[in-house]
Amino acid sequence: MQSAYLDYAATTPTDSEVLAAMMPYFTEVFGNPSSVYSFAAKSRKAIDTARGQVARALNAEPDEIFFTGSGTEADNWALKGTMERLRSKGDHLITTKIEHHAILHTAEYLEKVEGFHVTYLPVDSDGRVRMEDLEAAMTDKTVLVSVMFANNEVGTIQPIGEIGSLCRRRGVLFHTDAVQAAAQLDIDVKALNIDMLSLSAHKMYGPKGVGAFYLRRGLRLENFVHGGGQEKGLRASTENLAGIVGLGVAIERLKAHLPKEKARLCALRDRLIDGVLSKIPDTKLNGARGDERLPNNTNFSFIGIEGETLLLDLDSKGISASTGSACSSASLEPSHVLLALGLSHEMAHGSLRMTLGRGTTGEQVDYVLNVLPEIVARRRSMSPLWEDFLKRRGEK
Ligand SMILES: *Cc1c(COP(=O)(O)O)cnc(C)c1O
């Protein structure tokens with residue numbers, strides 16, 4: 001049977017060269033980076049190298065990069081660390097309705113438990129934040145704006161440069177969750193006026209369980225993990241040595257391949273989008289088109305069916321896809337992102353996300369275009385929602 005993994009937004013395989021670079025740090029070079037003997041200096045050096053690799057990829061300085069246990073952890077740190085540190089200056093945080101739960105649930109915690117005020121910005125029907133809404137939401141108590149670089153469900157890329165310059169002008173700190181964007185877009189933290197940024201290795205062909213946090217020089221946050229002196233004492237814990245080495249090599253290799261891979265993915269993405277929309281009637285593409293969409297993202301709503309049932313049918317054909325974010329797909333709540341784009345509950349339930357990556361081929365896209373129309377037609381033929389839709393349209 002043919003197969004296709006189309007869930008690169010959920011996680012990516014670790015690049016074999018990344019894995020090879022990591023291996024010695026489990027066995028031969030295992031010294032604790034905090035130890036004084038020269039054997040441990042090799043471990044310290046490896047971490048310095050990785051810090052330099054991450055910094056170069058973002059146009060940052062090595063001392064602006066901190067390693068964390070995940071993208072989620074970096075997001076938590078940005079929000080909690082800033083709001084707590086700047087409490088005397090202001091208590092207002094601005095974020096958006098379409099953030100990953102790593103941001104949304106942290107913001108809700110800050111609101112409900114810590115008593116901060118949070119504004120959740122709406123987005124337009126493509127999923128973009130409007131600058132006028134952001135500007136209108138800012139008050140003299142606003143200390144932090146957190147807007148994701150690109151959305152993990154619908155792939156919409158935000159006007160990060162504009163947001164960065166507005167925040168800089170207004171003296172408000174700006175954090176961006178770049179976990180999805182980093183794998184596919186060029187990011188220059190200086191040019192974009194970004195103060196803080198979150199990354200995760202496993203979304204960019206590195207290992208799971210390691211992330212990075214960029215904090216612009218001169219800014220100070222509350223410590224995130226209290227303990228030893230690692231990461232300048234701000235995020236204590238013996239370093240995930242092999243993971244950090246993997247993150248550094250992954251991001252360096254990614255940047256080298258980016259221009260070519262981006263063009264290849266955009267072509268495959270558009271072939272999939274155009275194919276689905278032309279072969280399957282009453283289907284909507286969720287999110288923006290062209291340059292405002294991540295090169296690897298597709299997200300559709302099929303009128304009259306539940307996305308969950310499609311996943312099972314696709315799985316039986318060897319195709320791994322998703323309805324939205326992996327974290328919420330176990331709950332049967334419709335996606336908060338699709339609702340924020342203005343979709344009805346019914347349309348939000350009928351969504352299917354297919355995200356492409358290094359292993360995706362034209363044959364796989366054609367395979368999906370071959371099997372998906374039949375799957376949708378069969379599910380619709382059994383669906384009371386589809387019956388209702390046809391009646392409403394006057395076809396029954
Ligand atoms: C995956 C993801 C995260 C969480 O990263 P982890 O390293 O899995 O904790 C955060 N934000 C976005 C946009 C993501 O896609």
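Lysine 232 is exposed, with a relative accessible area of 57%; exposed means over 50% relative accessible area, buried under 20% and partly exposed in between, with a 1.4 Å probe and protein chains only. The model is predicted, so local features need pLDDT of at least 70 and side-chain atom pairs count only at pLDDT 80 or more, while totals for chains, interfaces and linings use all residues. Residues are numbered from 1 along each chain as its sequence is written, and side-chain values use heavy atoms, with hydrogens and water left out.

Lysine 232 lies in the loop between strand S8 (211-215) and H7. Helices (H or I, at least four residues) and strands (E, at least two) are DSSP runs, numbered from the N terminus. Most residues other than glycine have a negative phi. Lysine 232, although not a glycine, has a positive phi of about 55 degrees. Serine 237 is also placed in the loop between S8 and H7, and has a positive phi of about 135 degrees although it is not a glycine. With a relative accessible area of 33%, serine 237 is partly exposed.

Helix H7 (residues 241-279) packs with helix H2 (residues 38-58): their axes come within 8 Å and cross at roughly 30 degrees. Axes are lines fitted to C-alpha atoms, for helices over the stretch in contact, and angles run from 0 to 180 degrees between N-to-C directions. H2 and H7 are therefore roughly parallel to each other; angles under 35 degrees count as roughly parallel, over 145 as roughly antiparallel, 65 to 115 as roughly perpendicular and the rest as oblique. The crossing of H2 and H7 is left-handed, meaning that the near helix is turned anticlockwise from the far one by less than a right angle, whereas clockwise is right-handed. The contact (heavy atoms within 4.5 Å) involves residues including Ser43, Ala46, Ile47 and Ala50 in H2, and Leu241, Ile244, Val245 and Leu247 in H7. The residues of this contact divide into eleven nonpolar, three polar and three charged. Here Ala, Val, Leu, Ile, Met, Phe, Trp, Tyr, Cys and Pro count as nonpolar, Asp, Glu, Lys and Arg as charged, and the others, Gly among them, as polar.

Glycine 31 is found in the loop between helix H1 (16-22) and H2. Glycine 31 counts as buried, at 4% relative accessibility. Not counting residues up to four places away in sequence, glycine 31 touches Phe39, Ala40, Ser43 and Leu241. Between glycine 31 and glutamate 17 there are 22 Å in space, C-alpha to C-alpha, and the two are 14 residues apart in sequence.

The crossing of H3 and H4 is right-handed. Among the residues that meet are Thr72, Asp75 and Leu79 in H3, and Ala102, Ile103 and Thr106 in H4. Seven nonpolar, three polar and two charged residues make up the contact of H3 with H4.

Strands of a sheet pair through backbone hydrogen bonds, either parallel or antiparallel. Seven strands form an open sheet in the order S2-S8-S7-S6-S5-S3-S4, with mixed pairing; two strands pair if DSSP finds at least two bridges between them. Strand S2 (65-68) and strand S4 (117-121) are the edge strands, each pairing on one side only. From one strand to the next, the twist averages 20 degrees. Strand S3 (residues 92-96) and S4 run parallel and are joined by five bridges, and histidine 92 stands opposite histidine 117 in S4.

S5 and S6 pair in the parallel sense over three bridges, with valine 145 opposite phenylalanine 174 in S6. Five of the five residues of S6 are buried, so S6 is largely enclosed by the rest of the structure. Leu173, His175 and Asp177 point one way from S6, and Phe174 and Thr176 the other way. Helix H6 (residues 160-170) lies across strand S5 (142-146) and strand S6 (173-177), running at about 155 degrees to S6.

Three strands form another open sheet, in the order S9-S10-S12, with antiparallel pairing. Its edge strands are strand S9 (283-285) and strand S12 (351-355), and the twist averages 25 degrees from one strand to the next. Three bridges link S9 and strand S10 (residues 297-302) in the antiparallel sense, and serine 301 in S10 is the bridge partner of lysine 284.
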